[in-house]
Amino acid sequence: MKKLILNDKLKMQLDEIAEIAGYLWQKGWAERNAGNISINISDIIGEENKKLPAIATYSLPLSMKELAGDIFYVTGTGKRMRDVAKDPLMHGAIVRVAADGNSYDIIAEENIKPTSELPSHFSIMASFKEKGSKNKLVLHTHPTDLIAFSHIPEFKDENRLNEMLWAMHPETFIVVPHGVGFVPYEVPGTMAIANLTLPALDKHDIIIWEKHGVFAVGENLTDTFDLIDTLSKSAQIYAFTKSCGYSPEGLSKADIEGLIEPFGIKL
């Protein structure tokens, strides 16, 4: 059986996956097998790897013709991020979408079934192509502080939530100027949650799934992780101030608007 050839670009991508998976575990955002990562690696996989024979083939619940022939790295179902950090290939799958978009092949290295959320990931990846977006990955994780805020009625309002997060630190508006979206609770791993998330991604690159976790998209994994990490810091500042018995003063609207020109922020 032919094996995956690790070219320089593919090795760099796997190293980045291992690094970020380690951060998710270290931060306490990836208890047990929580969270998942899917990345379109079609442009770095290499021509020889594209022709690898299928180890196994699985059907998709919906046709994904937009992704026909595309190849993805996907963390495995039931796999722990702390183990992905040690060896992404032993705890994830390289999958190739069939020409008709109705199924996918696992092509390396073991027959590891991808995350159960793969169909919802693929529907969002397909939307990237339809819109001409440069985004090529999705990252789902469980930041304790951001999930906690989704339990508070006041912060289930998207506008109020973003006003609070932006006000806690100037870096938050600089890094996440379009704010975070908010999707009401839905059963994890279903197409229903993907269908609620899709329209929110027209305005945001990061979404809070109520009482569940965070879903973020981007062009590279490190920057996408940074979106979540930055919002998490703001949530911690708010919570720490409240725990000291005070309501945080926060940046004013004028303070926040004053960041736009110096940092070239495009709204």
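Let me start with Ser150, which touches Lys156, Phe182, Ile208, Trp209, Glu210 and Lys211, leaving out residues up to four places away in sequence. This is a predicted model, so keep that in mind throughout. Ser150 sits in the loop between α5, residues 144-149, and α6, residues 158-168. Is Ser150 buried or exposed? Its relative accessibility is 1%, and buried means under 20%, so Ser150 counts as buried.

One of the residues on that contact list is Lys211. Lys211 is in the loop between β8, residues 206-209, and β9, residues 213-218. Its relative accessibility is 41%, so Lys211 counts as partly exposed. The backbone of Lys211 has a phi near 60 degrees, which is a positive value in a residue other than glycine.

Arg32 also has a positive phi, about 45 degrees, and Arg32 is not a glycine either. You will find Arg32 in the loop between α1, residues 8-26, and β1, residues 36-40. With a relative accessible area of 56%, Arg32 is exposed.

Now the whole chain. How many helices and strands does the protein have? There are ten helices and nine strands. Along the principal axes, the C-alpha atoms fill a box of roughly 65 × 35 × 35 Å. For 267 residues, a compact globule would have a radius of gyration near 18 Å, and the protein has 19 Å, which agrees. Buried residues are 51% of the 267. Take the contacts between residues at least 6 apart in sequence: 73% of these join residues at least 24 apart.

The largest nonpolar core has 47 residues, and Ile41, Ile94 and Ile206 have the most contacts inside it. Which helix gives this core its largest share? That is helix α9, residues 221-243, with seven residues. Apart from this core lies another one, of 26 residues, including Phe122, Phe128, Trp209 and Phe215. Trp209 was already mentioned, as one of the residues that Ser150 touches.

Look at Ile206 on its own for a moment. Not counting residues up to four places away in sequence, Ile206 touches Val176, Gly179, Val180, Gly181, Val214, Phe215, Ala216, Leu227, Ile228 and Leu231. Phe215, on that list, is among the residues of the other core.

Two more residues before I stop. Glu130 is in helix α4, residues 118-131. Its relative accessibility is 55%, so Glu130 counts as exposed. What is the C-alpha to C-alpha distance between Glu130 and Glu66? The two are 7.6 Å apart in space and 64 residues apart in sequence.

Leu267 lies in the segment after α10, residues 253-257. At 65% relative accessibility, Leu267 counts as exposed. Leu267 still has contacts: leaving aside neighbours within four places in sequence, they are Phe173, Pro177, His178 and Ile260. Between the C-alpha atoms of Leu267 and Asp202 there are 13 Å, and along the chain the two are 65 residues apart.

Key. Residues are numbered from 1 along each chain as its sequence is written. This is a predicted model: local features need pLDDT of at least 70, side-chain atom pairs count only at pLDDT 80 or more; totals for chains, interfaces and linings use all residues. Side-chain values use heavy atoms; hydrogens and water are left out. Helices (H or I, at least four residues) and strands (E, at least two) are DSSP runs, numbered from the N terminus. The radius of gyration is taken over C-alpha atoms; the globule rule is 2.2 Å times the number of residues to the power 0.38. Buried means under 20% relative accessible area, exposed over 50%, partly exposed in between (1.4 Å probe, protein chains only). Contact means heavy atoms within 4.5 Å. A nonpolar core is a set of buried Ala, Val, Leu, Ile, Met, Phe, Trp, Tyr and Cys residues joined through side-chain atoms within 4.5 Å.
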